[in-house]
Amino acid sequence: MNRRTILKSAALLPFVSPSTELVTSAPTARKRSVRFAYMGDTHITPETKPMEGVAKCFHHAQNQTDKPAFFLHGGDVIMDALKQDRTDVQKQWDAWHTVVKADNSLPIEYCIGNHDIWGYEQAQTDPMYGKKWAVDLMKIGNRYRSFDRNGWHFIILDSVQMTPENKWYTGFIDPEQLDWLKSDLAKTDPKTPILILSHIPIFSPTGFYSQQNVKNGNWTISGGLVLSNTPDLIKLFYQYPNVKAALSGHMHLLDRVEYNGVTYLCNGAVSGNWWKTEMHEQTKAGYALFDLYDDGTVERTYLQYR
Ligand SMILES: [Zn+2]
């Protein structure tokens, strides 16, 4: 290389360097819209372990230096109302409200879980039978609803439908609620990012966790684990690119799925293995901090609180 070539190469350098930087630099910086804490499957009872556990979880979230603005509860607040009598269910709700009053100062937005529904057979004529009791105590007005907060639209679905014929439940969005969902999505500004919450996952690989879900060599994932009308929902969400995230609980397992531009997140459980052990399968008991951004992106941090 002679002197002239060296000078020529050197002269090129300033042009190469800035243009490389331009290519790699990020587009306009996103801004955080809100931080909230997701807690779900608290399954509280009037016993010490669950009451102390839930209290610890509330404190852990509220003591963060970067504090959440509110809690989103993914359902299964209490251990079980489906098969219990009035006195027993009342005690569980009392335990929940005792802890909330003593250990939480943030607003809580609730979603109904299968164990929050009062399905006690002898109570079928009671006005509180079914979802009414939970709707009243959660102060949510209706079993499904939507609201706007910090530039995001939140849709809280009622994913659990009772099946009195076998005294159980299954997961799907009933026709009346589906019509409401369609119109709610249609009237939301296409520039507003949307977050959906359902207790039972809309789309999740967690149904594959157990060998019990294999029958005669084939997977049989019940509607009690993943909603049975998920295909309708996937098609619906595909029409609305502003649907960005769909959160769930129910499985007590942690997952994250990206599909058609929607991030589906199943968010573990505060109760772990229903307060028996800290782990359920490979997921530890915990709650999640969510950061939502104005460009529609979502970040989750799953934390242990003990
Ligand atoms: Zn649960």
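Author: Start with a definition. Four donors count as tetrahedral if all angles lie between 85 and 135 degrees. Anything else is irregular.

Now the site itself, in what is a predicted model. Asp 41 (OD), His 43 (NE2), Asp 76 (OD) and His 252 (NE2) coordinate the zinc ion. The distances run from 2.0 to 2.5 Å. The angles between the four donor atoms span 86 to 177°, and the arrangement is therefore irregular. Along the chain, the donors follow the spacing D-x1-H-x32-D-x175-H. Asp 41 and His 43 are both buried.

Next, the strands. S1 covers residues 32–39 and S2 covers residues 71–73. These two strands pair in the parallel sense, over three bridges. Met 39 has His 73 in S2 as its bridge partner. Both strands belong to an open sheet of five, in the order S3-S2-S1-S16-S17, with mixed pairing. S3 (108–110) and S17 (298–303) stand at the edges. Each has a single partner strand, so one side of each is left without a neighbour in the sheet. On average, neighbouring strands are turned by 25° against each other, direction ignored.

H3 lies across S1, S2 and S3, at about 155° to S3. The largest nonpolar core has 61 residues, and Trp 96, Phe 237 and Tyr 287 have the most contacts inside it. Helix H3 (residues 86–103) gives this core its largest share, six residues. A second, separate core has 20 residues, including Phe 36 and Leu 197.

Notes:
Residues are numbered from 1 along each chain as its sequence is written. This is a predicted model: local features need pLDDT of at least 70, side-chain atom pairs count only at pLDDT 80 or more; totals for chains, interfaces and linings use all residues. Side-chain values use heavy atoms; hydrogens and water are left out. A nonpolar core is a set of buried Ala, Val, Leu, Ile, Met, Phe, Trp, Tyr and Cys residues joined through side-chain atoms within 4.5 Å. Buried means under 20% relative accessible area, exposed over 50%, partly exposed in between (1.4 Å probe, protein chains only). Helices (H or I, at least four residues) and strands (E, at least two) are DSSP runs, numbered from the N terminus. Donors are N, O and S atoms within 2.8 Å of the metal (3.2 Å for Na, K and Ca); water is not among the atoms, so sites may look incomplete. Four donors count as tetrahedral if all angles lie between 85 and 135 degrees; four count as square planar and six as octahedral if opposite donors are over 155 degrees apart and all others between 65 and 115; anything else is irregular. Two strands pair if DSSP finds at least two bridges between them. Axes are lines fitted to C-alpha atoms, for helices over the stretch in contact, and angles run from 0 to 180 degrees between N-to-C directions. Contact means heavy atoms within 4.5 Å.
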